[in-house]
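Reader: Before we start, could you walk me through reading this one, feature by feature?
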Amino acid sequence: MIFDKLLRIGFPALCASLTLLLGVNAYSLYSAQADYVHKDQLERSVLNDTLRFNTTALEKLIARYSALKSPEDAAEAGKTYEALLNAFETWPSDAYSEIVGPSDYIQDKLVHIVRTSNRVKPFLDTLNDQTSVSNALIILQGIGSSLQQINQMVTQEAAKQMSAARKSFHFHQIVQDVLVVVFLLVSLGWIWFSNKRSQVLQGQAEATREQTRLLEHRLDHDSVTGLVNSRVFAEIVRSAHDTLAPDQTLSILNIDLESRLPAINKFSLVTEEAILASTADLLRHAVDRMEGVNCLARSGGKGFLLMTVSDEEVGLTASVVANRIHDIFLRPVPTALGSFLISPAIGYADSTTVDRDATDIIRNADLAVGNAVSYSRRRVVTYQPAMRAEMERRTIVENALARAIEANECLPHFQPQFNLMTGRIFGVEALARWYHSELGWISPSEFIPIAERNGDIVSLGWKILETSCSEVQLLPSDLSLSVNLSVAQILSDDVVAMLDECLGRTGLPASRLKLEVTETTLMSDLRRIQTTLVELRSLGIGISLDDFGVGYSALSYLTDFDWDEIKIDRSFATKAVKDKKIRDILKMVLGIAETMGSQVLIEGIETVEQRDVLVDIGCTIGQGYLFGGPMAIDDITTLFFSDHSKSTLAGL
Ligand code: C2E
Ligand code: CA
Ligand code: CA
């Protein structure tokens, strides 16, 4: 800022002023010099004049004549006298006049001198007379003395003026020198500052360029991993697709950390970023070692995108790359904050799945990973064209669900639960059913996961609970009612109050109600859920462990809580027939349950053979299509109160 002002205003103004001063002073110097030269000449003229206006020569001639009596001296004296008189006619000279100006004193003196000198003439004519000589000399001495006075006065004045002119000349010379030096210094300063300023400007321009580069880099790259972002990735994919040779295949892999690492959402941002950065390093390292054209990028969410181009000779197929990447995560990912076991979902698609638009490959890989996350037990999923239709259907279902819950389109059906020995129904499980006016019956396996993801499960769950608590009272009063409780419901703060209110409102005794929670529900927050279950139990409600034996089964879940009931997943009913190991496991679970005081219910019994095998092992109660699938309340009421059905059921 100061630099700028100095350069724009300060230096130019200073230089202009100095130039002006130099000009003015140069003029003054020139005048002073002229004056000095003139005064010098004047002084010389004055000195010349003092020689002319002098009576000494005449006096000497007269004195010599008086001594030697030489007629030449007399003649010479006469001539000198005439010359003196002539000189007086031009006296005071120009030089004198200029030095002293019009002076009355000199005028008076002149008149007196001229008059006096006229008196000398007679004595000169009679020089052979000693008296004349004396008189002439006396008069001449008087004149000489007057002349001397004037001469002296003028000479002194001339010297004084000459000295003053010289001083003035020297003064202006010094001023000029000083001005020139200052001008030079200011000019040098100007040049120096301009130079500095241009250096500063260059530095600023460089810094701006650097900032622009940084900004561009930031716009194109993810700040956590340093990888290009999804926008740039899409451009790279497009241009790679445009130049793809006929024998080449372009594949996109979508590696999703978020969904398969539920805990990642619980981590602090710092931990999450550390995991992402380390994962990026691992992937970068792996990709570097792969043949072919590869590009790794950060996806919009908590994941990565990878493009590979391969042909028969160069590069790896997408499925090989996907499996290699999957294998990387079999070990924990080391980060500065510790090691984390993460098992990303990987979806991939290739250029054979699209017609023209390369970004469709990215979308297809997206669909595939979405499928791996939500609907598949496999971690690596390849894109299938059906996925698009499935996704569209999911979108329709998702969009219609909230309104359907509100409009009571989602209602419970009831599946009977049997004593395997007596064939007697002792309870029913409420299972949600949704009839959509256009899509028809929609399975809970389809809409429950959607409701769980978007949060609709809470309102749906309470609605099913309330309706089933009311409707089950149409059935014999000794029947129990099992209702599934979702993780979102159980984690809501008011779960105990809601259930208490529901029982109060519907009038169903707490002892008739059983709530089913799955192992996966327990996994989300075991301690908190245990506490809630204890509170619910204290209301008199029974608690069931649902789907035991599926997925993450751990025997510890059996002992983590005083379950009233353990429901064995239906896969066991199928496998138990052929697999002794399964039968042994079932026996062991039955043993543990007995020790814990819990009853064991086997789900999904479909055949008589299954039932018999299970009864042999020691199973006493069950549920399954063999006895009856889920039914609307009217159907199950009819079933109960029709003798025919009773005998059909009991007959099994
Ligand atoms: P679940 O709790 O394990 O329910 C049993 C499922 O097995 C039901 O499927 C039932 O129709 C089916 N099933 C019963 N017997 C047999 C059989 O012999 N063989 C075979 N293959 N299947 C049999 P559904 O009704 O489709 O429900 C699926 C899942 O949806 C349920 O599994 C439950 O986890 C969930 N769900 C259903 N209704 C609700 C609800 O109101 N709330 C919550 N949170 N989840 C629900
Ligand atoms: Ca259940
Ligand atoms: Ca179950």
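Author: Phenylalanine 11 and phenylalanine 193 are both buried, where buried means under 20% relative accessible area, exposed over 50%, and partly exposed in between, with a 1.4 Å probe and protein chains only. Keep in mind that the model is predicted: local features need pLDDT of at least 70, side-chain atom pairs count only at pLDDT 80 or more, and totals for chains, interfaces and linings use all residues. Residues are numbered from 1 along each chain as written, chains are lettered from A and ligands numbered from 1 in written order, and side-chain values use heavy atoms, without hydrogens and water.

Reader: What makes two rings an aromatic pair?

Author: Rings of Phe, Tyr and Trp (its six-membered ring) pair if their centres lie within 6.5 Å; planes under 30 degrees apart are stacked, over 60 edge-to-face, and the rest tilted. Here that rule gives nine aromatic pairs. In one of them, phenylalanine 11 and phenylalanine 193 have ring centres 5.4 Å apart and planes at 45°, so the pair is tilted. The two residues sit 182 residues apart, phenylalanine 11 in helix α1 (residues 2–52) and phenylalanine 193 in helix α7 (residues 130–220). Helices (H or I, at least four residues) and strands (E, at least two) are DSSP runs numbered from the N terminus.

Reader: Which residue forms an edge-to-face pair with phenylalanine 193?

Author: Tryptophan 192, at 5.1 Å centre to centre and 90° between the planes. Tryptophan 192 has 48% relative accessibility, so it counts as partly exposed. Phe11, Trp190, Trp192 and Phe193 make up one aromatic cluster.

Reader: On to the ligand. How many residues surround ligand 1?

Author: A residue is near a molecule if one of its heavy atoms lies within 4 Å of it. For ligand 1 that gives 21 residues, with Gln415, Ala432, Arg433, Glu606 and Tyr625 the closest. β9 (425–436), α13 (444–454) and β13 (542–548) each give two or more residues to this shell, and β9 has the largest share, four residues.
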